Amino acid sequence: MDTAGLLPLVIAVPLLGAAVLVAGGRRLPRIVTDALGCAFAAAPAALSLLVLARVAGGGTGPYAVEWVGGWHLVGGEGVGIVLVADPLGAGLAALVSVLVVAVLGYSWHYFEEPPRRHGGAFTALILLFQAGMCGFALTGDLFNAFVFFELMGVVAYALTGYRVEESRPLHGALSFGIVNSLGGYCMLLGITLLYARTGELGLAQIGRALDGHPPDGLVLAAFVLVTTGLLVKAAAVPFHFWLPDAHAVAPTPVCMLLSGVMVELGVYGVARVYWTVFSGPGGVPHPDLTRALLVIGTVTALLGSLMCWRQRHIKRLLAFSTVAHTGLFLTGVAVLSPEGVSGTALYVLGHAGVKAALFGCVGVLLDRYASVDEHELYGKAGELPVAGVLFTVGGLALSGLPPFGTGLGKALAEEAAGHAAGWLPALFVLVSAVTGGAVLRVALRVFAGAGHPPRAADDGPETTGEAEPETGGRLRRVPVPMLAVPAALLAGALAAGVLPGVAATAERAGRLFTDARGYRAAVLDGRPAAAPAAVAQHWPTTGILLGLLSTALAAALAAVAVWRPARTRATALTAPVRRLQSGHVGDYVAWLVVGMALLTALTATALR
């Protein structure tokens, strides 16, 4: 079978696995359902890595195109569903699948529940989640992107509210579901407008059809609607409010996927739809998109880092860190250059491993002490040295410490961003230092018992971290997978910065991703694009220095916070910002409308 023929299997195998577990999970021993889940998740991981190796190596061309069912184009028109893998799309599908395998390994016997009650339900939902995310990364059809968008959304709602007998998970899942469903409806309406204009649903077909006409109000409205749906999934400000609420109540393995890959898929979707559909003369001009993404990305990064620093609920702290890094990812994409895309791709790769590892360590705290409250856990986790070391290393990696993949991705992305605006590298340093410093502060207090015991009124938000263990009872001994998986994920994040082949593949992927003409020629005309020669990526000297600077600042902020706690006035100054996270879904919907209006205003000059 050729490379393209493997693409449907990447999506179909986890769907088949979910069906098998739903049908027979209650009749099988728990160890069998867990093993089957890992096997059905590992197969797409192997397939997607094989596809990535072939398209990145250039032996079969940089694109693998599969018209499902053999419904090829005739005369440039068609009704078939197309799957397209370039190095970036295939790499993202591989990242999703590998992380799912890691999450299922972490979750081995995680939930203590009667097999007759749930069987393999949790594992089946994870496999459905994997299929939706892989399909979104590989689809070349805008409507099917919406279908996969909704599939992963619906499954994510169910996973967030998995503990259906508790009220808090249901509330978090409800906010998550309503806001993301509205984003999905916006995306569907935008697709409808594009179909009305072009009569096409394929990304390449729509882009080629729009290039024959100047942009107008309908095209701008379609762009705003589709992009709004994707930015909701990316948890960009002001569409982000659902994310901390969902992370606070979702099971730890689910948080590893939400922050590790699902949010990043929203950023990928924005970049993919723009370059394939709206980057031509009939779409949105480059300066308008750059302005829009820079404004949204900067506000997202700053607000996310501020809210991250103010949290004492550790899962919320990590959730706001994800919001902050989403802002940096959007800023890297906003440059609209191959260098910005490749740097952001490396940043996403490193961030996925680091953030999933951090959530894995928090799961250990939750199931050992029935709390994720930084203040309540003060000094208690000194008996968990391995978890403490992993959590500290994760905080250093999150701050951009070389040679982790987060450090290399940050260095390349901020170098590309600096060519667009000289102040953007300072934004990367500041956000990395604050988010990494917040994690290091938790490590000092919880694992080392450093500083003075925090008082009840010390700079904490209204929500604390009391929660029931997810393992049915408090852990007396931490299972090996709950420490081995975070260690492996951090090792992977380190390898992303050390292995030269990873950076070279990302560099080539960025150049192919921004080549709209080559993408359309491969999909519509069957002409394989010439694979760009690999260029070895290097660590920029300035990037190394800025990475060390952000790490030093993170350590300094953590030390100051532990030994010289913030005063009441500082808490009062940030209280209005904290109150925006109200927990009321009606407020979140109102902010979604505000975000749409902002995006429209930032891109409206395209019509002048």
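What follows is a short exchange about cavities, a pocket and a helix pair.

Guide: This is a predicted model, in which local features need pLDDT of at least 70, side-chain atom pairs count only at pLDDT 80 or more, and totals for chains, interfaces and linings use all residues. Residues are numbered from 1 along each chain as its sequence is written, and side-chain values use heavy atoms, with hydrogens and water left out.

Visitor: How many cavities of 30 Å³ or more are there?

Guide: On a 1 Å grid over the protein atoms alone, a cavity is a set of points where a 1.4 Å probe fits but cannot get out. Points are joined across faces, edges and corners, and a volume is the space filled by probe spheres set on them. By this rule, the cavities of 30 Å³ or more number five.

Visitor: Which helix gives the most to the lining of the second largest cavity?

Guide: That cavity holds about 80 Å³, and its lining residues (an atom within 4 Å of a point) include Phe136, Leu142, Tyr268 and Arg272. Helices are DSSP runs of H or I with at least four residues, numbered from the N terminus. Two or more lining residues come from each of helix 5 (121-138), helix 6 (142-160) and helix 11 (252-278). The most, four residues, come from helix 11.

Visitor: Which helix gives the largest share of the lining of the largest pocket?

Guide: A pocket is an open set of points with protein on both sides within 12 Å along at least five of seven lines. The largest pocket has a volume of about 900 Å³ and 37 lining residues, with Gly91, Leu92, Leu95, Ala345 and Leu349 nearest its centre. Among the helices giving two or more residues are helix 2 (30-57), helix 3 (87-106) and helix 14 (338-369). The largest share is nine residues, from helix 3.

Visitor: Are helix 5 and helix 6 roughly parallel or antiparallel?

Guide: Their axes, lines fitted to C-alpha atoms over the stretch in contact (heavy atoms within 4.5 Å), have angles from 0 to 180 degrees between N-to-C directions. The axes come within 8 Å and cross at roughly 155°. Angles over 145 degrees count as roughly antiparallel. Helix 5 and helix 6 are therefore roughly antiparallel.

Visitor: How many nonpolar residues has the contact of helix 5 with helix 6?

Guide: Among the residues that meet are Phe122 and Phe129 in helix 5, and Phe148 and Met152 in helix 6. Ala, Val, Leu, Ile, Met, Phe, Trp, Tyr, Cys and Pro count as nonpolar, Asp, Glu, Lys and Arg as charged, and the others, Gly among them, as polar. The contact has two polar and no charged residues, and the nonpolar ones number 17.

Definitions and conventions:
Parallel < 35°, antiparallel > 145°, perpendicular 65-115°, else oblique.
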